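Reader: I'm new to reading protein models. Could you walk me through this one, feature by feature?

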Amino acid sequence: MRRRASGEELEKVAETPGAPFGGTLLPSHAQHIVTAYRRGERDRARMAGNLLEPARLRVSPAVRDHQEELSRFR
């Protein structure tokens, strides 16, 4: 356990790397993402690349369903 300068203890929290949505991305969410990309979302190429990572495609049916359209924004 670490302590702040004030002596207060801090609990360590470790986040595991991985899909921010994983299997929880609903089809409607995926469609909203595609719509935002069409409207010119500034970071769409980077975000589309992240969504289309093989590990994410394996766990997210919604992303797989929109894979072809998301690929256009890479």
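Reader: Is Asp43 buried, exposed or something in between, and what is the relative accessible area?

Author: Buried means under 20% relative accessible area, exposed over 50%, partly exposed in between (1.4 Å probe, protein chains only). Asp43 is partly exposed, at 29%. This is a predicted model, where local features need pLDDT of at least 70 and side-chain atom pairs count only at pLDDT 80 or more, while totals for chains, interfaces and linings use all residues. Residues are numbered from 1 along each chain as its sequence is written, and side-chain values use heavy atoms, with hydrogens and water left out.

Reader: Which residue does the side chain of Asp43 meet in a salt bridge?

Author: Side chains of opposite charge can pair when their charged atoms come close. A salt bridge needs a side-chain nitrogen of Lys or Arg within 4 Å of a carboxyl oxygen of Asp or Glu. Asp43 pairs this way with Arg46, at 3.7 Å from N to O.

Reader: How many salt bridges does the structure hold?

Author: Three. In one of them, Arg72 meets Glu68 at 3.8 Å, N to O; Arg72 is exposed at 58%, and Glu68 is exposed at 62%. Another joins Arg38 to Glu69, with the closest N and O atoms 2.1 Å apart. Glu69 is buried, at 18%.

Reader: And Phe73, what is in contact with that residue, leaving aside neighbours within four places in sequence?

Author: Contact means heavy atoms within 4.5 Å. Phe73 touches Val34, Tyr37, Arg38, Arg44, Ala45 and Ala48. Phe73 is buried, too, with 15% relative accessible area.
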